[in-house]
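This briefing concerns the structure shown here. Please keep the sequence and the coordinates in view while reading.

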Amino acid sequence: MEENRQEMEAEQEDGGMTLEKFEEASEIVREVTIETKLVYSEYFSSMTGNRVYFKPENMQYTGAYKVRGSYYKISTLSEEEKQHGLITASAGNHAQGVAYAAKLAGIPAVVVMPTSTPLMKINRTKGYGAEVVLHGDVFDEACEYACQLAEEKGYTFVHPFDDLDVATGQGSIAMEIFKELPTVDYILVPIGGGGLCAGVSTLAKLLNPKIRIIGVEPAGANCMQESIKAGHVLTLPTVNTIADGTAVKRPGEKIFPYIQKNVDSIITVEDTELIVAFLDMVENHKMIVENSGLLTVAALKHLNVKKKKIVSILSGGNMDVITMSSVVQHGLIARDRVFTVSVLLPDKPGMLAKVSAILAEERGNVIKLEHNQFISINRNAAVELRITIEAEGTEHKERIVQALSDAGYRAKLVKSKATYSD
C-alpha cells in the first residue's frame, strides 16, 4: 500500500493532487464545514444485500459539498487574485459554495448561472452576498460567458470542477469517509463535470488501492462516460436530465486523467429512477436530496455485488418546493401508489354509490372524481367516471381494477398526463 501511494504521488505533476495537499485541504475545510457523519441505511442494505451507508452532504452548509472546494481554492489564491474579485459559473450548488466562501473571506463574487436555474438557488446565492448574472440555457453556456467576463473585467475565475485545487477540496469527503469506515469497499460518486469524483477517487486510491470507485451520471448527460470510451474529453451535442446539477456537456480537461486512472467504472441512471429514489429517501430516511445527489442512491440497484460496505455520496439537497412536489407526485405514480381508472356506468341513479362500495371494500382511497355524461348516447354505458385512487402498490392497484371489472364496469387504466422537467 505504501509503495503504491509513493508511486502515485510521484506520477503527479507539481501542483497536482497529492496526499499532502489532501491532508492540508481536509484541515482547512474543517473551518467552514459541518461534520456529515455516515448514515447507515437498513432499507437499502436489505434491498441490495450489502451494508449501505450515505455520506449526507445534503446536510452541509449551503446544502451541498461544493463549499469544500470553493473554500480551499480561495485559501490558495494570492492577495492580488483576491483583490480582483471572484467570478464563477454554476447551475446552483457551486454558486452557493463560492458565494459563501467568498463572503467568509471578505472577497466580492460574481456568479453566472443558466437562465433555467431554480429561483431558490438564485436567491440563496444572492443571499450569501454574490452578484448573480443569468446567461445561457445550460451550464456550459454560462461558463463560457463567465470566462468572457473574467477576461474583460479582470476577475479571478474559479472553475466549478476543472480545477485541481477545487477537486482537492472536494476530496476531503473521502478523508472523512475513511476515518469513519476504514474498511469501506465501494464509494459511489455523482459525476457532472468530474471535480468531486476526481478528488474523491484520487484520495481514496492513495489511501487504499483496492477500493472500488464507481462514478454515476444521468443517462441524458453522460459526458464523462462517453469521454472515457473515446479516450479523450469530448462534448455531448445536448444534455437532457432532471438532475440539473450534473447536466454538463463536457467534463473537465485537467481532472480527466485522474478519473481515467482512479475510477473503476461509470454507471448511468435514468430520470425515472431518480424520481423513485427521491421517494425512497423521503419515506425511509426523512431526507431531502436533490436529483443529482440521488444518482448514487439509484445506482445501488445496478451494483452486482453482495456483502460489501458501500458508501453513496449524497452531493446536495437544494431542491425547490415546486420541483419537490412534482417529483413526489411522479414517484407515487411510478410506484403505483396513485393511479387513475376509467369506468363506464349506466345513466341512472345510485351507480356512483355502487362503485364507491366496491372501492371501499378493496380499501382504495379516492383522491379525485371526474364525471362525464356525454361520453356516449347509449344509456346503458352513457357515463364515464374517471377515478384517481391511492393504493398500497402494484398488487393492490391490480386488485382494485379487477374488482371493478368483475362488477361489469369495464375498468381501464388511464395514463397520467403529468410530465416532469426541471
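The points that follow are grouped by topic.

The model is predicted, and its chain averages a pLDDT of 90. The chain contains 18 helices and 14 strands. Of its 422 residues, 57% count as buried. A search of the whole structure finds zero disulfides.

**Confidence**

- A pLDDT of at least 70 is reached by 92% of the residues.
- Over residues 1-14, pLDDT stays under 50. For this segment the model has 22 contacts beyond four places in sequence.
- Over residues 418-422, pLDDT likewise stays under 50, and here the model has 18 contacts beyond four places in sequence.

**Overall form and surface**

- The C-alpha trace of the chain spans about 85 × 50 × 40 Å along its principal axes.
- When contacts between residues at least 6 apart in sequence are considered, 73% join residues at least 24 apart.
- The accessible surface of the chain comes to about 19,000 Å². Carbon and sulfur atoms account for 49% of this surface.
- The chain carries 44 positive and 55 negative charges.

- Cys143 is in no disulfide. Its nearest cysteine sulfur is that of Cys147, 4.6 Å away.
- Because a disulfide requires sulfur atoms within 2.5 Å, the separation of 4.6 Å between Cys147 and Cys143 is too far for a bond.
- A disulfide is a covalent bond between the sulfur atoms of two cysteines.

**Asn58**

- Asn58 is placed in the loop between β2 (51-56) and α4 (67-75).
- Is Asn58 buried or exposed? At 8% relative accessibility, Asn58 counts as buried, since the limit for a buried residue is under 20%.
- Which residues are in contact with Asn58, leaving aside its neighbours within four places in sequence? They are Gly63, Met287, Ile288, Val289, Leu314, Ser315, Gly316 and Gly317.

Conventions:
Residues are numbered from 1 along each chain as its sequence is written. This is a predicted model: local features need pLDDT of at least 70, side-chain atom pairs count only at pLDDT 80 or more; totals for chains, interfaces and linings use all residues. Side-chain values use heavy atoms; hydrogens and water are left out. Helices (H or I, at least four residues) and strands (E, at least two) are DSSP runs, numbered from the N terminus. Buried means under 20% relative accessible area, exposed over 50%, partly exposed in between (1.4 Å probe, protein chains only). Contact means heavy atoms within 4.5 Å. Accessible areas come from the Shrake-Rupley method with a 1.4 Å probe; for residues, only the protein chains shown count as cover. Lys and Arg count as positive and Asp and Glu as negative; His and the chain ends are not counted. The place of a charge is taken as NZ of Lys, CZ of Arg, CG of Asp or CD of Glu. pLDDT is the predictor's confidence in each residue, from 0 to 100.
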